[in-house]
Structures are given as C-alpha cells and as structure tokens.
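Me: Hi! Could you walk me through this protein in plain words?

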Amino acid sequence: CVLAVEYLRWNFIRIDIEMEQRLRRTIATLEEMEHSKDEFMANVSHEIRTPLNTVCGMSELALREELPAQVREEVFQIQTAGRALQSLVSDVLDYSELETGRVSLHEEPYIFSSVMNDVINMALAQKEEKCLELIVDCDARIPRVMVGDSEKLSRMISCLVGNAIKFTERGCVAVIVRARKERYGVNLCVQVKDTGIGMTQEQTESLSCSFNQVDAKKNRSKSGIGLGLAITRHTAELMGGFLKVSSR
C-alpha cells in the first residue's frame, strides 16, 4: 500500500511538472509571436513612411507652381490622401510602440501657447466644411514655459479635438485648459466638449478596453480605425495622468 501511494504521488508530481513545462513553452511561444508581430508592424510602418513623405512633399512643391485648375485639384487630392495615410501609419506605429513599452518621454522645456496654436490650426483646417464654433478657454495662470513632451501632448489634444469635430455636425467644440499647482509642479487638465452625436453608457465603457470605433456600422462614413483614443489613453497613463470620458 505504501509503495502504491508513493508511486501515485510520484506520478502526480511528474504530470504536474510536465504540464508546467508545457505551459511555460506555450507562454514563451506566444510571447515570441507577439514580439514578432509588433516588430513586423513597426518595420512596415517605418518603410511606408518614407514614400509617403515623398508623396506629400512633392505634391506640396507642385502646388506652389502655376498649374491648371483641374491639375491643381488632382494634386491637392493626392496630397490630402497622402496625409490621411500618413496619419494612419503614425497611429499604427505609435500604438505598436505603446504596446511593446518602447515609448520614451522627452522631458524638455516648451511653450504651451505654441502647442495650443498648433492644435487650433489643425482644428480650423478640419472644420472648414462644417459650420461649427470652436471655443478655446485657457487659464491665464498656466505658466508660459513648461517641461514635458510637447509633441505627445499636442498629439493627444489634437486627437480629442479631431474626434469632437468629426462627430459633431452642428453646434460647437470647446477646449478648456486649466492648471493646478502641486508639490511636483503643474498638473495640466485639458477638457474637450462637443455637441455631437454622443454615446451610450455601454459605448462609453467599451472605450476603456477597445481600440475600435464604438459603433463601426454607424460610423462607417467616418475615417479612421479607432486607434486615436487608445493611443491618447495609454500616453496619458505613461505621463502619470488619465483619460476620462463621459457622454449622453
């Protein structure tokens, strides 16, 4: 009986060890596949960026020349499509870098008003075809020079404002910026409001765990693949902040 019990115990231990080893091998394989996928996406994005930059740059030079109206319109359409694809590639690359944890923040002095000017100029260009009012309300107590990653900050605010304009047909889009002094420095609070179509409670909750558009069928006419908010949320968390969404 003792020998039988010992044999059974040894057999169970052997099975557990083998299962653990198989599980470790499976996890290692999955991690390797995930790493290979991210590397592939990053390499493809980098390779696509080079010809896209050439297309956008050459079309910009062409538009500075005297061209017939029809040719100018066609070149402008090429430039618009190139920039849209350029933005999409940048989103894919940024999301891939965030997923692999390879994103580094640049702590450098920057002028906050310059960041907001860039955001406003991009917003004005995006809302040209819409009769929308753009309201910008920045706290006068925000320091002129701040320290942080101005490029990523501009990207995040532009994403939020761009989404607001994209899904708002009439009314206004408001950008409200406040600053609160803390022991570690200045805590920047950016709020974007719009009078757009809004989202249900379920759609709002799905934003925290998905990078797709909340209603792909309803928003089929809207450009983009839904990476913007995911990138904004991850970047905000990387900076020690957070993204909160509320809608009705």
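**Surface and overall build**

Reply: Happy to! The accessible surface of the protein comes to about 17200 Å², and 56% of that belongs to carbon and sulfur atoms. Accessible areas come from the Shrake-Rupley method with a 1.4 Å probe, and for residues only the protein chains shown count as cover. This is a predicted model, where local features need pLDDT of at least 70 and side-chain atom pairs count only at pLDDT 80 or more, while totals for chains, interfaces and linings use all residues. Residues are numbered from 1 along each chain as its sequence is written, and side-chain values use heavy atoms, with hydrogens and water left out.

Me: How many helices and strands are there?

Reply: The protein has six helices and five strands. Both are DSSP runs numbered from the N terminus: helices are H or I with at least four residues, strands are E with at least two. From the N terminus on, the order is α-α-β-α-β-β-α-β-β-α-α.

Me: Is it compact or more spread out?

Reply: More spread out than a compact globule, because its radius of gyration is 25 Å, well over the 18 Å that the globule rule gives for 248 residues. That radius is taken over C-alpha atoms, and the rule is 2.2 Å times the number of residues to the power 0.38. Along its principal axes, the C-alpha trace spans about 95 × 50 × 40 Å.

Me: And what share of the residues is buried?

Reply: Buried residues make up 27% of the 248. Buried means under 20% relative accessible area, exposed means over 50%, and partly exposed is in between (1.4 Å probe, protein chains only).

Me: Switching topic: where is Phe 12, and is it buried or exposed?

Reply: Phe 12 is found in helix 1 (residues 2–63). Phe 12 is exposed, with a relative accessible area of 55%.

Me: What about Glu 34?

Reply: Glu 34 lies in helix 1 too, and at 37% relative accessibility Glu 34 counts as partly exposed. Glu 34 and Arg 170 are 136 residues apart in sequence and 43 Å apart in space, C-alpha to C-alpha.

Me: Last one: how do strand 4 and strand 5 run?

Reply: Strand 4 (residues 171–182) and strand 5 (residues 185–194) run antiparallel, joined by 10 bridges. Two strands pair if DSSP finds at least two bridges between them. Together, strand 4 and strand 5 form a hairpin with two residues between them.

Me: Which residue is the bridge partner of Arg 178?

Reply: That's Cys 189, in strand 5.
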